[in-house]
Amino acid sequence: MSISRIDGCIGCTTCVQVCPTDVIRIDEKTNKAIIKYPEDCQICHLCRMYCPVDAITISPKKSIPVIVSWG
Amino acid sequence: MLEKIKQYNLIWIIVFLVGVPLFIWATGEVHQKAFYKEAISVVTILAFFFLIGQSYLTRGYRVFIQKLKMSRLLKLHKIFGYVFVSVIVLHPLYIVLPKFFDNGITPYDAFITMLTTFESTGIILGIVSWILLVTLAITSIIRSRLFKNYRTWRVFHAILALFFVTFSTWHVLNLGRHSTTLMAIYMILVSIGGVFIMMKVYYKTLNKVKEEE
């Protein structure tokens, strides 16, 4: 997983708008951002960079294993 | 200094308002960010606990500081008040500080977005708490000009403090990134204890005022 957690979200929806792969959605009950599809994250860091309250943490670990060619 | 700390039971204030919150913070899950961000978080958490814990440094509760005279207790209350209000007043700016060191949204835009997200209950509570805190500080500084009667001032100060403790605790529970279950429980206990002390003191004070009338 790349985007790992959201703490202290104010629900401004900026991250939802900037995410190119629709990883983040707004929870209707809490009115805060949630990581809905973490497997689609491309680790572009746009959500983290545009979050006004620095609520998003990107994990340094990648979930996708590196594919090494034979030979 | 150490003797004074022991003599006046100040060690308990340090344990309850510094030790326990720091322990909960250190054992929480959330600290994965840069050192300066965590340093800001720790300073803010401690300042917040000292502010909601101010009720324990009043005439209503002298268990921690049994040997201290009222004048000294008041001095301590004032020092803690002015120091930690100065820290918390700048709290909205600490939030956007990382944006100075990052590409993406500018600190100014981040600040405006943050303050204008009125859909967030936490933001509204934060703004109300900030206004209450500034009012508490300003009215404390110009107390002699505003109030002739000391007792009226005390009741006014306590009512403002009561609202501040309630709104700020709610704000932290809603938005605080270190508000883990344990931290939330401890915060609520400290706040309820403080509110109870204030209610007890001012219930007595109001009764005395009524009797005098």
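**Notes on a predicted two-chain model**

1. With 16 C-beta neighbours inside 10 Å, A:Asn31 counts as partly exposed, given that a residue is buried if 20 or more other C-beta atoms, placed from the backbone, lie within 10 Å of its own, exposed if 12 or fewer, and partly exposed in between. A:Asn31 sits in the loop that joins β2 (24-27) to β3 (32-35) of chain A, where helices (H or I, at least four residues) and strands (E, at least two) are DSSP runs numbered from the N terminus. Its phi is near 60 degrees, a positive value in a residue other than glycine.

2. This is a predicted model, in which local features need pLDDT of at least 70 and side-chain atom pairs count only at pLDDT 80 or more, while totals for chains, interfaces and linings use all residues. Residues are numbered from 1 along each chain as its sequence is written, and chains are lettered from A and ligands numbered from 1 in the order in which they are written.

3. A second residue of chain A to look at is A:Ile43, which has a positive phi of about 55 degrees although it is not a glycine. A:Ile43 belongs to the loop between β3 and α2 (46-50) of chain A, and it is partly exposed because 15 other C-beta atoms lie within 10 Å. Most residues other than glycine have a negative phi.

4. Turning to chain B, its secondary structure comes to 10 helices and zero strands, so that the order of elements from the N terminus on reads α-α-α-α-α-α-α-α-α-α.

5. For the overall dimensions, a compact globule of 213 residues would have a radius of gyration near 17 Å, and the 19 Å of chain B agrees with this; the radius is taken over C-alpha atoms, and the globule rule is 2.2 Å times the number of residues to the power 0.38. The C-alpha atoms of chain B fill a box of roughly 65 × 40 × 30 Å along the principal axes, and buried residues make up 25% of the 213 residues in chain B.

6. Among the contacts in chain B with a separation of 6 or more, 75% are between residues 24 or more positions apart, where two residues are in contact if their C-beta atoms, placed from the backbone, lie within 7 Å.

7. The contact between the chains takes 21 residues from chain B and 14 residues from chain A. On the side of chain B that touches chain A, α5 (91-96), α6 (107-115) and α7 (121-141) of chain B each supply at least two residues, and α6(B) gives the most, with three residues.
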